[in-house]
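Me: I would like to learn how to read a model like this one. Could you walk me through it?

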Amino acid sequence: MSGKLPFNPPQLSQFMDACWVESYFTKDEVELILKAYESKVKSAAQVADEGLDMPDLRKSTVTFLEPDDAEYAPFIHKLAQLAIQVNQQRYAFDLSGIYEPLQIAQYDSDDFFDWHTDFSNGQASTRKLSLSVQLSEPSSYEGGDLQFKVNTNEINAPKSLGTVVIFPSFIQHRVTPITSGIRKSLVAWITGPHFK
Ligand SMILES: O=C(O)CCC(=O)C(=O)O
Ligand SMILES: [Fe+2]
């Protein structure tokens, strides 16, 4: 017996629990998404595809953009380009595209989204990467930190307008309660075949 059972998997050396590109979108690009939010029908946020109200987990108001909506194509393509590039550098996941509506969320005072992963049962089991675009000026609200749980540390993502935060959908994250003002974000989920 050799005492070995080699699988020899390829290894990643650039993995990060979360990364970001500050000011990736311009103020004008953000403005377009804010107008979309204003023009659409909004509802209280539910949790993943379970369609559940979980008031202890999440409180915010949301609306959605279809990924092939021509009006927002330049914005959505620019976001997709970043997902592809960051995936090549850091994650090497198999990605198929954007198959879910993009979420625009508004967090008013006391709104929050407690610790969770975007990867879950059903449709959420095909989520590979999550991207959050910061749509509000940091000076316009307090609280509302997008945080990642990395071992025992809570890592804050930058809040500057137009910043995109990218992370594997299986990473624990939260948005802390808003203590004043209003925070808006756009979240896209990049789909791929199941982990295998
Ligand atoms: O608002 C954010 O930046 C993130 C929200 C979030 O985690 C989600 O919608 O799954
Ligand atoms: Fe999330």
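Predicted model: local features only at pLDDT ≥ 70, side-chain atom pairs only at ≥ 80, totals over all residues.

Me: Which residues surround ligand 1?

Reply: A shell is read from residues whose C-beta atom lies within 6 Å of the molecule. Here, ligand 1 has around it Gln-103, Ala-105, Phe-113, Asp-118, Ser-132, Leu-146, His-173, Val-175, Ser-185 and Val-187. By class, that shell holds five nonpolar, four polar and one charged residues.

Me: What does UniProt list for residues 98-192?

Reply: The UniProt record, an unreviewed entry, gives "domain: Fe2OG dioxygenase" for residues 98-192. In the model, this stretch is 0% helix and 55% strand, and its end C-alpha atoms lie 9 Å apart.

Me: Now the backbone. Where does Asn-8 lie, and what is its phi?

Reply: Asn-8 sits in the segment before strand 1 (19-21). Its phi is near 45 degrees, a positive value in a residue other than glycine.

Me: Is Asn-8 buried or exposed?

Reply: Count the other C-beta atoms within 10 Å: 12 or fewer means exposed. Asn-8 has 5, so Asn-8 is exposed.

Me: What about Ala-92?

Reply: Ala-92 is not a glycine either, yet has a positive phi of about 55 degrees. You will find Ala-92 in the loop between helix 2 (73-91) and strand 5. Ala-92 is partly exposed because 13 other C-beta atoms lie within 10 Å.

Notes:
Residues numbered from 1 in each chain as written. Chains lettered and ligands numbered in written order. Nonpolar A, V, L, I, M, F, W, Y, C, P; charged D, E, K, R; others polar. UniProt positions renumbered as here; feature names shortened; annotations may be inferred. Helix = DSSP H or I, 4+ residues; strand = E, 2+ residues; numbered from the N terminus. Buried ≥ 20, exposed ≤ 12 C-beta atoms within 10 Å, placed from the backbone.
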